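Hi everyone, thanks for coming. Have a look at the model on the screen, and I'll walk you through a few spots in it.

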Amino acid sequence: MATEGNLQAPTRHAIDWRNPDFYNEDAALHEMERIFDICHGCRRCVSLCGAFPTLFDLVDESRTGEVDGVDKRDYMKVVDQCYMCDLCYMTKCPYVPPHEFNLDFPHTMLRAKAIKFKKGEVGAGERFLSSTDVHGQFAGIPIVVQVANAVNKTQPARAVMQKVLGVDKNAWLPDLATKKFRSGAPESPPHAVKDGAKTPGKVVIYSTCYINYNEPGIGHDLLKVLDHNEVPYVLVEKEKCCGMPKLELGDLASVNNSKEANIPVLVKYAKDGYAILSAVPSCTLMFKQELPLMYPGDADVQLVKEHMWDPFEYLMARKRDGLLKTEFSTPLGKISYQIPCHGRVQNIGKKTEEMLKMVPGTSVHTHERCSGHAGTFGVKVPYHQQAMKIGKPLFKAMASHKDGGLPDVISSDCPLGGHHIAQGFEVNSLGAPPQKHPLTLIRTAYGLK
């Protein structure tokens, strides 16, 4: 007897990406047709992103009014709108496994993206944008950083970037850091290791490209919070991009290269009893979900998965262990906080919200809608305005705090998403409250400089 999905925990199947049939275009199109027909009959996900409205418009405007009337050459219009947020699978779809329809929309889109990439249909600009370690290598170089940051803010330079790289001239872009996080992070004071029932008592930090090259202050805030709570930490000896930008592009060979570089390093820390913390949800999710699904038989990948933590997941687990300091000296006022998509699908609950609510004199208004940024999606010429449109309901909701008026601060665990939200406030004339990462807010609440 068939049972509706989402009445049970969804089952995620391994990604059979090394099977030659994975790249069989006819087979992939046949599976997309099957899935699109189910989605057409349901339409529950219409408000999530651009993929579903695109699909339903194609169906409604076809000669039959059904999926069989849609030209299969138009299927890629749907695929290109999917930015792998995973929310349809994790929060909306009633037909995910164990339902007999066995519907996995995002990983079917990943298969189509991988075929597109393998056929050489992904441009050089998109490939460069997803190569975070390449353009991050200029961070920390005196004069070069200042010049690059200044030039990137000029209209002529942005016009060139739009033409050459496909980066929308109006999209917010991060600065390069004057000093990389990894080269500027202080050593941990010699705290004693205090293991809890739920948490290892020592931490290793996987910096992520963004924290290392663009916004190291977030990483420093994390270190200060750990130090304040007497948790000894180290930085991962060496690291490469997690591979998420390449996954979103369908470049699975490059994902494999990142895995081969990162897992042998990270697994040593896992075997040594460290909690591995990553302050960017997409990077954390890569090690918690996507790599384990790509390498289901790799024991090292699975061990890293078990030791990978979101920072607030770790901190709140330390609280349950009775090992977190809960004396906060600085109220934070009214916070409009967004849980990013890649945070929600980790199934860890609202840990950031829980910790922010512990701060006296603080009112947290939490929002679970997508910001629309989605990695490189929100900065590309074809999609930037659409990303702003997707995020507009969130921007408007965050501008009206539950306690009345504008919030004192807006925040998101996703650094890029947070800046996208701030741009949405500006574009829609919703006010200009400061945008701060939750780790920065907690550091402030502890009274740490």
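So, Ile335 stands opposite Val364 in β6. Those two sit in a pair of strands: β5, residues 333-338, and β6, residues 362-367, pair in the parallel sense over six bridges. When I say two strands pair, I mean that DSSP finds at least two bridges between them. Helices (H or I, at least four residues) and strands (E, at least two) are DSSP runs, numbered from the N terminus.

Quick word on where this comes from: it's a predicted model, so local features need pLDDT of at least 70 and side-chain atom pairs count only at pLDDT 80 or more, while totals for chains, interfaces and linings use all residues. Residues are numbered from 1 along each chain as its sequence is written, and side-chain values use heavy atoms, with hydrogens and water left out.

Back to β5. Four bridges join β5 to strand β7, residues 409-412, and these two run parallel. Here Tyr337 stands opposite Ser411 in β7.

Now stay in β7, where we find Ser412. Is Ser412 buried or exposed? Ser412 is buried, because its relative accessible area is 0%, and buried means under 20%, exposed over 50%, partly exposed in between, using a 1.4 Å probe and protein chains only. What does the side chain of Ser412 touch? Its side chain makes a polar contact with the side chain of Gln338, at 2.7 Å. A polar contact is a pair of N or O atoms within 3.5 Å; within protein, one must be able to donate a hydrogen and the other to accept it, and residues adjacent in sequence count only if both atoms are side-chain atoms. A polar atom of the Ser412 side chain also lies 3.2 Å from the backbone nitrogen of Cys414. Leaving aside neighbours within four places in sequence, Ser412 is in contact (heavy atoms within 4.5 Å) with residues including Tyr337, Pro340, Ile421 and His437.

There's another sheet to find. It's an open one, with four strands in the order β2-β1-β3-β4 and parallel pairing. β2 (233-235) and β4 (308-309) stand at the edges with a single partner strand each, so one side of each has no neighbour in the sheet. Further in, β1 (residues 203-205) and β3 (residues 275-277) pair in the parallel sense over three bridges, and Val204 stands opposite Ile276 in β3.

Let's pick a helix: α12, residues 216-228. It has 13 residues and reaches 18 Å from its first C-alpha to its last, close to the 18 Å expected at 1.5 Å a residue; that expected span is 1.5 Å times one less than the number of residues. Among its buried residues are Ile218, Leu222 and Val225. After α12 comes Glu230, whose phi is positive, near 60 degrees.

Cys242 counts as buried at 3% relative accessibility, while Cys42 is partly exposed at 30%.

Last, the whole protein. There are 22 helices and seven strands, and buried residues make up 55% of the 449 residues. The C-alpha trace spans about 65 × 50 × 45 Å along its principal axes. That's my tour, thanks!
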